[in-house]
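Subject: Structure handover

Hello,

Here is the structure I promised to pass on. Please open it alongside this email; my notes follow below.

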Amino acid sequence: MTAADVLLLALGSVAVGSGVLVVATRHLVRAGLYLVVCLGALAGMYLVLTAELVAWVQVLIYVGAVVVLLLFAVMLTRAPIGASDDLDRPGWAAALIGAGTGLGLAALLVDAYRWTAVELPDAGTAERLGDQIFRSWVLPFEVLSVLLLSALVGAIVLSRPDIGRPKTDGPHPDGPRTDRSGTAVAGGGPGDDGGRSR
């Protein structure tokens with residue numbers, strides 16, 4: 001076992017452990033921070049595999065953009081960030097599905113390679129990778145950018161409850177009623193009985 005194998009095992013353990021904590025924690029902000037650790041460990045694995053460009057793209061896009069967007073969406077929507085007992089659900093179903101999926105993928109991987117050594121191709125360059133992204137994969141790239149933008153705009157809209165709410169001319173609890181032009185109308189103040197004096 002080489003040093004690269006040891007690093008891959010260590011970083012893989014960190015990624016799996018932090019991924020489990022993402023779905024197991026009851027605090028949303030902590031889940032986002034555990035996601036940062038998980039994605040950082042994946043970037044480290046890319047570095048060990050000599051895929052430096054993919055590693056830095058992982059850090060810049062996923063850690064620096066997606067996670068920050070998630071945390072900003074939580075703050076903008078004023079969502080509860082603490083533990084929510086009323087939202088808890090039994091975890092045995094999710095654990096069963098996750099374990100079954102993991103075992104199925106492991107069996108598929110072992111059956112495909114049978115512990116044989118695989119020759120790696122030559123390391124790609126930024127020019128080749130950019131050519132593939134902006135020629136063959138340009139549509140998914142643009143769809144992802146629109147998705148992130150729409151998520152940010154949706155978070156801003158949800159954080160403003162006054163957007164889309166019709167304005168009413170009903171009585172105001174702190175003062176007299178006013179019409180649309182701002183002129184005071186009798187009968188809207190506290191303790192006022194239709195503008196009549198007793």
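Over which residues does pLDDT stay under 50, and how many contacts beyond four places in sequence does the model have for them? The stretch is residues 187-198, and the count is 14 contacts. Keep in mind that this is a predicted model. Its mean pLDDT is 75. Of the residues in the protein, 70% reach 70 or more.

Overall make-up

The protein has six helices and two strands. Reading from the N terminus, the order is α-α-α-α-α-α-β-β. The chain holds 198 residues, and 11% of them are buried. The exposed surface comes to about 15200 Å². Carbon and sulfur atoms supply 68% of that surface. Now the contacts between residues at least 6 apart in sequence: 46% of these join residues at least 24 apart.

Annotated spans

The UniProt record, an unreviewed entry, places "transmembrane region" at residues 6-24, 31-49, 55-79, 91-110 and 137-158. I looked at two of these spans in the model. Residues 31-49 are 95% helix and 0% strand. Their end C-alpha atoms are 27 Å apart. Residues 91-110 are also 95% helix and 0% strand. Here the end C-alpha atoms lie 28 Å apart.

A nonpolar patch

Which residues form a nonpolar patch on the surface? They are L53, V54, V57, L60, I61, Y62 and L129. Together they have about 550 Å² of accessible area. Helix 3, residues 52-76, gives the largest share, with six residues. L129 sits in helix 5, residues 126-133.

Around T125

T125 lies in the loop between helix 4 (92-113) and helix 5. T125 is partly exposed because its relative accessibility is 41%. How far apart are the C-alpha atoms of T125 and E52? The separation is 9.5 Å, while the two residues are 73 residues apart along the chain.

That is what I have for now. Send questions whenever you like.

Best wishes

Terms used. Residues are numbered from 1 along each chain as its sequence is written. This is a predicted model: local features need pLDDT of at least 70, side-chain atom pairs count only at pLDDT 80 or more; totals for chains, interfaces and linings use all residues. Side-chain values use heavy atoms; hydrogens and water are left out. UniProt positions are given in the numbering used here, feature names are shortened, and annotations may be inferred rather than shown by experiment. Helices (H or I, at least four residues) and strands (E, at least two) are DSSP runs, numbered from the N terminus. Buried means under 20% relative accessible area, exposed over 50%, partly exposed in between (1.4 Å probe, protein chains only). Contact means heavy atoms within 4.5 Å. Accessible areas come from the Shrake-Rupley method with a 1.4 Å probe; for residues, only the protein chains shown count as cover. pLDDT is the predictor's confidence in each residue, from 0 to 100. Patches are made of residues with over 30% relative accessible area and no salt bridge: like charges are joined within 9 Å, nonpolar side chains (Val, Leu, Ile, Met, Phe, Trp, Tyr) within 5 Å. A salt bridge is a side-chain nitrogen of Lys or Arg within 4 Å of a carboxyl oxygen of Asp or Glu.
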